[in-house]
Amino acid sequence: MESIPKKKKKPTKKPGEALFIKPCQTMPVNSPSEGMLIKRCHTLPTKKTAATMLLKPCQTVSERSNKKRRVTPPEVEEEKEEHEEEVAEIKFKQGDHVDVKALLSSKARNFLVTSKGGEVVPIAVLDGKYVIVCCFYVPFDIDDPVTASCQSIEALYNELTFKGIADRVRFVVVVKIAPGFGKAEFDSFFSRLSVNCLAIPFADSKSRDKICKSFGLLTKVDDDSESPCLVVHPNEKVLQFQPDFLEQYGARSFPFSEEHFDDIERQEKIIRNRICSTDSPIFLEELLQCDYLSRIANENEYVPTSSLGDTVVALYLCYHGSIMDKLQAIHKKCIKKRLKFEVILVPLPFYNHYETPSFRDRMKQDALKHSISSSWWMFPFDDKVYRTLWRLFYQFCEDQLLILPHGQCPGDLRGREIATRYGISAYPFTKETVVNKEVRKLRSFTLQDLLENTELGTDLENKNVLLYFDSFKCDLDGGYLYSNLMLYYHEIKAKYADSEVVFVSLDPNLGLDNSRIAAMMWPILPLEMCASVIKRITPTRWPGIVAFGSDGKILSRSAQSHLPISTSSRSLFEDTLASEVAAVVETQIM
């Protein structure tokens, strides 16, 4: 900003006479409309500044002051041009060459400043470094998505410092100030960001706004967008320009390459498989990478992580605490029934939460309100471990349960759905448990039990039996099943020795005078018995066939899928019950 020349004696004018300014005359004038100081130069202006710095010859002060002019808030310590430069958004692509020093500097400025202390640092400090450039729209609310980006930067910075390689990376933060705000908000943002990063000075608003615009940051970040972030390799090639990679990988982001991220995903695929496998089960201390756990209410009460190896453990990944009540109720029932079950609270502050400690404290307070503080556990915050657990659930932003049973039993990533749907009956809350219990339930009775020792039941002893369920309403299958049974009945009897088909009506009002029933070549269950049979067993879909073996035990609830027998390679009496139940459970817990 040029210096204001000394005041000259103010010209006088007659009442009612307009005051005119000669070209290049220098004098301060108080604008009656804006109260701003108008400055003039001693010499002829350049072509560039003539339009913005001088009054035209014979232009009156009143005319000039009535002209619309953007007033800079008093807390902003720089002048702004009336016409901002048009800046096109840059579509950075991986592998593109970027002169990051030219991007972050200007003709008038070849330096950056530190966010802590404002120390001037030459732009050359970026030479030979990984450079991360993040843009933020300030101020923002604590629940804005931008908070996750701030936390990710801090986690990465702390990890690099811990490994002693922080000097290989330069963090540069570019702040765009919202209209009506100024240096106070600028300083407040950097005071909350624990990283001592580099920044473009507050006074250089033109460069800050230009960079933010070129990155596509024009307005406040909303729920569907994130703050843009550019990562440049020491060879000045773009590594990343996707705003979510820092939030996704946090402390494990370095060295920012796609190969590195692919390797992480391969490792986590192995972890998922091990959780749900009995061949190479994963142990709790290996997954949490910590030796001790502490009670929520008393962090001085420790137990070795390995001591929970003989019990069922639920890792409660908590975003909002939405299932805290249900989980506590289940936990109490397990304690009452003396079932081994421990819960480890894992607060995940990776979505709309800025300060990890405060979020953990809030979750602890919620636990205290639910009176569970003395029975649940926590473990120290580790960004790498917490984000790994988050990614195992594909970053779903809702509460989750990861179940790790004791011994060689497989775990489950769908603990939330299983526990909340089936309750304590699903203990230890794995899909395998639910399936096995349902199969045992279905095989707890025989065909003879269903037929209540009737004459028909006696006739069917030691036979393979197909219970055919149908109502003939609307022909949902186009009469396909009925037609196939009519067509292949004799072939079925010939292929499967000692086999029989029995019709079970799904419609209590269906009479024996029905034309299809009258044409059947196989036994018909008495209509008064159909309701009790349907209450105990039905096919997976209607119409359908339930197959029983010669021992009277159920083999399949979807035997119709093996028709017609002339083209199907599978037996009508193949034992597929477990896989059918698993498919049904899978749809229920999706």
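Buried, in this talk, means under 20% relative accessible area, with exposed over 50% and partly exposed in between, using a 1.4 Å probe and protein chains only. Hello everyone, and keep that definition in mind, because Gly321 is buried by this cut-off, with a relative accessible area of 19%.

Some ground rules next. This is a predicted model, where local features need pLDDT of at least 70, side-chain atom pairs count only at pLDDT 80 or more, and totals for chains, interfaces and linings use all residues. Residues are numbered from 1 along each chain as its sequence is written, and side-chain values use heavy atoms, with hydrogens and water left out.

How confident is the predictor? The average pLDDT (the predictor's confidence in each residue, from 0 to 100) is 81 for the chain, and 78% of the residues score at least 70. Over residues 1-83, though, the pLDDT is below 50. Where pLDDT is low, the predicted coordinates should not be read in detail.

Now the overall picture. Of the 590 residues in the chain, 49% count as buried. There are 20 helices and 19 strands; these are DSSP runs numbered from the N terminus, with helices being H or I of at least four residues and strands E of at least two.

Back to Gly321, which sits in the loop between strand S12 (312-318) and helix H10 (324-336). Which residues does Gly321 touch, leaving aside neighbours within four places in sequence? They are Tyr316 and Asp399, where contact means heavy atoms within 4.5 Å. Asp366 is 45 residues away in sequence, yet its C-alpha is 7.8 Å from that of Gly321.

Let's move to the sheets, where two strands pair if DSSP finds at least two bridges between them.

S16 (residues 464-470) and S17 run parallel, with 7 bridges between them; Leu466 has Val501 in S17 as its bridge partner.

Last, helix H12 (residues 383-392) and two of its packing partners. With H4 (residues 146-163), the angle is about 130° and the axes are 11 Å apart. The two helices are therefore oblique to each other: under 35 degrees counts as roughly parallel, over 145 as roughly antiparallel, 65 to 115 as roughly perpendicular and the rest as oblique. Gln151, Ser152, Ala155 and Glu159 in H4 meet Asp383, Lys384 and Arg387 in H12.

Helix H8 (residues 258-275) packs against H12 at about 70°, with axes 10 Å apart, which makes H8 roughly perpendicular to H12. Here Ile264, Glu268, Ile271, Arg272 and Ile275 in H8 meet Thr388, Arg391 and Leu392 in H12.

Notes
Axes fitted to C-alpha atoms, helices over the stretch in contact; angles between N-to-C directions.
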